[in-house]
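This report describes a single protein chain, from its overall architecture to selected residues.

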Amino acid sequence: WPAPVTAILPARRGLAPHLAPGGSVAVRVPAYRELRSLIRCLGEPVVSTSVNISGCRPVTRIADARRRFPGLEAFISRRGRQSAFPSTIVDFRFETPRLVRAGAYPWAPLE
């Protein structure tokens, strides 16, 4: 990590219910060094949503993100490469981690 993997983990006790519905959080470490540096400077995690909406095709081009979220130009990065695949989502709240969504990172559970 960093890798295109989103980990579903138990939420810390006391985390606001609207931030952790169902008692879990999805965590991702960005691959972009500049963004990780910004997060370190902030001193806390960044709470964000993805441009990928559940049930819709993933956004793979900046032009598509602009159309889907008009007015958010200031928050769209023009740096780094874009992926044709969303992140792989794995739920780690169980004894054996469960694949929720196959994506850019190949996932093979341990046998």
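Predicted model: local features only at pLDDT ≥ 70, side-chain atom pairs only at ≥ 80, totals over all residues.

**Basis**

Residues are numbered from 1 along each chain as its sequence is written, and side-chain values rest on heavy atoms, with hydrogens and water left out.

**Overall architecture**

The protein chain contains two helices and four strands. Helices (H or I, at least four residues) and strands (E, at least two) are taken as DSSP runs and numbered from the N terminus. Read from the N terminus, the order of elements is β-β-α-α-β-β.

Of the 111 residues in the protein chain, 15% are buried; buried denotes under 20% relative accessible area, exposed over 50%, and partly exposed the range in between (1.4 Å probe, protein chains only). The protein chain exposes about 8,900 Å², of which carbon and sulfur atoms supply 58%; accessible areas follow the Shrake-Rupley method with a 1.4 Å probe, and for residues only the protein chains shown count as cover. Among contacts in the protein chain with a separation of 6 or more, 34% involve residues 24 or more positions apart, where contact means heavy atoms within 4.5 Å.

**Strand pairing**

Two strands are said to pair if DSSP finds at least two bridges between them. The pairings are set out below.

| Strands | Sense | Bridges | Opposite residues |
|---|---|---|---|
| β1 (residues 5–10) and β3 | parallel | four | I8 and D91 |
| β1 and β2 (residues 24–27) | antiparallel | four | A7 and V27 |
| β3 and β4 | antiparallel | three | D91 and R98 |

A hairpin of six residues joins β3 to β4. Both faces of β3 are covered, with T88 and V90 buried on one side and I89 and D91 buried on the other.

**Threonine 88**

How accessible is T88? This residue of strand β3 has a relative accessibility of 0% and therefore counts as buried. Its side chain reaches the backbone oxygen of Y105 at 2.6 Å, and a polar atom of the T88 side chain lies 3.2 Å from the backbone nitrogen of G103. A polar contact is a pair of N or O atoms within 3.5 Å; within protein, one must be able to donate a hydrogen and the other to accept it, and residues adjacent in sequence count only if both atoms are side-chain atoms. Leaving aside residues up to four places away in sequence, T88 touches P4, V5, T6, L99, R101, A102, G103, A104, Y105 and W107.

P4 lies in the segment before β1 and is partly exposed, at 27% relative accessibility. Beyond residues up to four places away in sequence, P4 touches R28, S87, T88, A104 and Y105. The C-alpha atoms of P4 and G103 are separated by 7.9 Å, although the two residues are 99 residues apart along the chain.

P58 is located in the loop between α1 (33–42) and α2 (62–68). At 35% relative accessibility, P58 is partly exposed. Its contacts, not counting residues up to four places away in sequence, are N52 and P86. P58 and P86 are 28 residues apart along the chain, with 6.3 Å between their C-alpha atoms.

**Ring interactions**

Rings of Phe, Tyr and Trp (its six-membered ring) pair if their centres lie within 6.5 Å; planes under 30 degrees apart count as stacked, over 60 as edge-to-face and the rest as tilted. By this rule there is one aromatic pair. It consists of F92 and W107 in an edge-to-face arrangement, at 6.0 Å centre to centre with 90° between the planes. The pair links distant parts of the chain, 15 residues apart: F92 belongs to the loop between β3 (88–91) and β4 (98–101), and W107 to the segment after β4. F92 is partly exposed, at a relative accessible area of 32%, and W107 is partly exposed at 28% relative accessibility.

Which residue has its charged end over the ring of F94? The charged end of R98 sits there, 3.5 Å from the ring centre. A charge sits over a ring if NZ of Lys or CZ of Arg is within 6 Å of the ring centre and within 35 degrees of the ring normal.
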